[in-house]
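Colleague: I have a model open and would like to learn to read it. Can you take me through it step by step?

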Amino acid sequence: MKALIVYDSVYGNTEKIAKAIAGAIDAGARALRAGDVNPSELKTFDLLIVGSPTQGGRPTPAIREFLSNIPRASLKGIDVAAFDTRFSTKLVRVFGYAAERIAGTLKGKGGNLIAPPEAFFVEGAKGPLREGELERAAAWAQGIVKSRK
Ligand SMILES: Cc1cc2nc3c(=O)[nH]c(=O)nc-3n(C[C@H](O)[C@H](O)[C@H](O)COP(=O)(O)O)c2cc1C
């Protein structure tokens, strides 16, 4: 299986999650920053996972640009999943979250959404990640791999 994890990260927390996910999939899985990926080359992957910090209820500009540059219908036949990092407070719930929006776009481009959007929690805007989140990310990724078999 060829897996790619595309992420953005301002303070490093989402990057840590992306790397934990890649590490849990297989040795060939790569985690790349959105700016380092050519959206027209996604066709070569079997599994695409996209993750972003939630900022103002949305993915970051780099992830939004990456998503909008994915050619229409080009994710047909590719399994896709989305995650974000976010606060756990109820206050920000009204704005929505990045993962749901990412998942919707990936699906809209033809991807086969293989898991519900997932959230990983930070203690503050700059982090750190809540305890146990790296392990939970690895388990989430392993669940996705299993569901593909
Ligand atoms: C400008 C800004 C806006 C944010 N907006 C939200 C938000 O709407 N909802 C939320 O849950 N967290 C919000 N956060 C917290 C971020 O999700 C948190 O900074 C992020 O998970 C850290 O990931 P990173 O280290 O990869 O950048 C915001 C943070 C910043 C800096």
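This is a predicted model: local features need pLDDT of at least 70, side-chain atom pairs count only at pLDDT 80 or more; totals for chains, interfaces and linings use all residues.

Colleague: How many residues surround the ligand?

Modeller: A residue is near a molecule if its C-beta atom, placed from the backbone, lies within 6 Å of it. Here 20 residues surround the ligand, and the closest are Tyr11, Asn13, Thr14, Thr85 and Arg86.

Colleague: Which element gives the largest share of that shell?

Modeller: Helices (H or I, at least four residues) and strands (E, at least two) are DSSP runs, numbered from the N terminus. Helix 1 gives the largest share, 3 residues. Helix 1 (13-25) and strand 4 (79-86) each supply at least two.

Colleague: Which residues touch the most other members of the largest nonpolar core?

Modeller: A nonpolar core is a set of buried Ala, Val, Leu, Ile, Met, Phe, Trp, Tyr and Cys residues joined through C-beta atoms within 7 Å. Buried means 20 or more other C-beta atoms within 10 Å of a residue's own; exposed means 12 or fewer. The largest core has 43 residues, and Ile5, Val6, Ile21, Leu48 and Ile102 touch the most other members. Helix 1 gives the most to this core, 6 residues.

Colleague: Where is Ala73?

Modeller: Ala73 sits in the loop between helix 2 (61-68) and strand 4. Its phi is near 65 degrees, a positive value in a residue other than glycine. Ala73 is exposed, with 10 other C-beta atoms within 10 Å.

Colleague: Is the peptide bond from Gly127 to Pro128 cis or trans?

Modeller: That bond is cis, with omega near 0 degrees.

Methods
Residues are numbered from 1 along each chain as its sequence is written.
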